[in-house]
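Here are my notes for you, point by point. Keep the viewer open while you read.

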Amino acid sequence: MAMSESAATAVEISNPRGLAITSNFDVRPADNVDGYKSFVVGEFTFRRDSYFCHITWPGGRHQLAIDVFLRALMRDVAWGFFYGTVNFDTVFGTTNYYGEVEVFAGATNDAYTSAGRDFIQRFKSDELMKSFREMISDWTNEGYDPFAAPMETGAPWGAKNGENDTAVTRQRVTAKRMVSLPGDTPIRSDEDGFTVNRMFQDVPQDEPEVHVEPGFEHEVSAFNLYAYLSRSDVTWNPSVCSVVKDSLFCPTTEEFILPVEHGNDRCEWFIQLSDEIIWDVKDGSTGKPRAVVTMRSGDVSCMPADIRHQGYSNKRSMLLVWENGSPKIPDLIRAGKAPVVPVSW
Ligand SMILES: [Fe+2]
């Protein structure tokens, strides 16, 4: 009895604001000016023109440059709304409740919340994802890849011009145990189209030799993570490369700006594997600045569970993001039963 109760608790979707699910979605035909469809998501509407995404909701409106919006939307889609909050900018974003998602305007912005002008609606994840996928497909033009570094892709501006579904439907790497194990995600190679990035030409490409005791072929393995990352064709896309219970190693390559301000709902470790990233760290709820952290190769930091962060990387760099994937953590933190920092002295 006790076990079944605790199992039920583990999968229960938390709803701290007590919001009802909204299920109205609509797609409006392409306009005859710039040729893009508009999207209705609950009481939000999304419209794009040559340079901007325009978002409206009852009592408010907001606009983002379309490159900023598409890069952020791409991460939200590819990450499945990720952990915690994905702030597209200081006004618009999503918060993941793992099965359900809140879409908000101003909910993590002190000026909006203190004036009572924030607006939040809640959706089933799969229904919202369908709408977001359709939006990024219609709004991404031929030759533009919202996953790529700006110097490695074309421009998103202008009237509707073709599509790039190959880029916007990429599957995020999610290893079941570890990259390179039999039956799991393979290492990358020229033959598979993953060539060494222009900024990682100096990274050795040799692979470790592993001599396995007979009978342990499925248990013992190793691969060159630096070589693997040097062949990443995307930026700011933490991908699960090894899994031990709830411990997820999610390395990624970073160039230009993290397209979102990620609002953590748990502690998140960063290990800088190469080069340098500068992190702007702000309060998760209000957006007030808290710290600027410069991480160079070999540096380790832990982002607390109550902050948001955005990184800047001039030269393409390698970052290991270490996540605790336990579904229990956000509620434990909300209830004050788990700390927002990993260590106290
Ligand atoms: Fe984060």
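1. Domain bounds here come from an automatic or database domain assignment. On that basis, the protein splits into domain 1 (11-168) and domain 2 (190-233 + 235-334). Their centres, taken over C-alpha atoms, are 24 Å apart.

2. Before going on: this is a predicted model, where local features need pLDDT of at least 70 and side-chain atom pairs count only at pLDDT 80 or more, while totals for chains, interfaces and linings use all residues. Residue numbers start from 1 along each chain as its sequence is written.

3. Now look at where the domains meet: 21 residues of domain 1 are in contact with 25 residues of domain 2 (contact means C-beta atoms, placed from the backbone, within 7 Å). On the domain 1 side, H2 gives the most, with 4 residues (helices are DSSP runs of H or I, at least four residues, and strands are runs of E, at least two, numbered from the N terminus). That side has 11 nonpolar, 7 polar and 3 charged residues (Ala, Val, Leu, Ile, Met, Phe, Trp, Tyr, Cys and Pro count as nonpolar, Asp, Glu, Lys and Arg as charged, and the others, Gly among them, as polar).

4. Which residues of H2 meet H4? Leu70, Leu73, Met74, Asp76 and Val77 do, and their partners in H4 include Phe132 and Trp139.

Methods
Contact = placed C-beta atoms within 7 Å.
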